[in-house]
Amino acid sequence: MTSKADIGDEIIFKKGIEGIVEKVNDNSVIVNITENPTKDEYRGNRTVVAHKNYKILNKKK
């Protein structure tokens, strides 16, 4: 099982998109996208990602 991210953690998901976790919900996180190498566009540079669909890059210290 993937460990859940906390607010401020940097995560990577879907084809290399990176972002900072802004809010943690029961089944997902809300992410502010910081790096998007894809052609996908996200309204307001934010999206929701299920806990099972991301990996934590850096934990907030």
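Two strands count as paired if DSSP finds at least two bridges between them. In this predicted model, strand 2 and strand 3 (residues 28-35) meet that test with six bridges, and they run antiparallel. Three residues lie between them, and the two strands form a hairpin. Within the pair, G19 has I33 of strand 3 as its bridge partner.

Elsewhere, strand 1 (residues 10-13) runs antiparallel to strand 5, and four bridges join them. In that pairing I12 stands opposite K55.

Put together, five strands make an open sheet, ordered 4-3-2-1-5, with antiparallel pairing. Strand 4 and strand 5 (54-58) stand at the edges with a single partner strand each, so one side of each has no neighbour in the sheet. From one strand to the next, the twist averages 45°. Strands of a sheet pair through backbone hydrogen bonds.

One residue deserves a separate look. E18 belongs to strand 2 (residues 17-24). Is E18 buried or exposed, and what is the nearest side chain of opposite charge? E18 is buried, yet it has no salt bridge. The nearest side chain of opposite charge is K55, 13 Å away; a salt bridge would need the charged atoms within 4 Å. What is E18 in contact with, leaving aside its neighbours within four places in sequence? The contacts are E10, I11, I12, I33, T34, E35 and L57. Among them, I33 is the bridge partner of G19, and I12 is the residue opposite K55.

Definitions and conventions: Residues numbered from 1 in each chain as written. Predicted model: local features only at pLDDT ≥ 70, side-chain atom pairs only at ≥ 80, totals over all residues. Heavy atoms only, no water. Buried < 20%, exposed > 50% of the residue type's maximum accessible area, 1.4 Å probe, protein only. Lys, Arg positive; Asp, Glu negative; His and termini not counted. Contact = heavy atoms within 4.5 Å. Axes fitted to C-alpha atoms, helices over the stretch in contact; angles between N-to-C directions.
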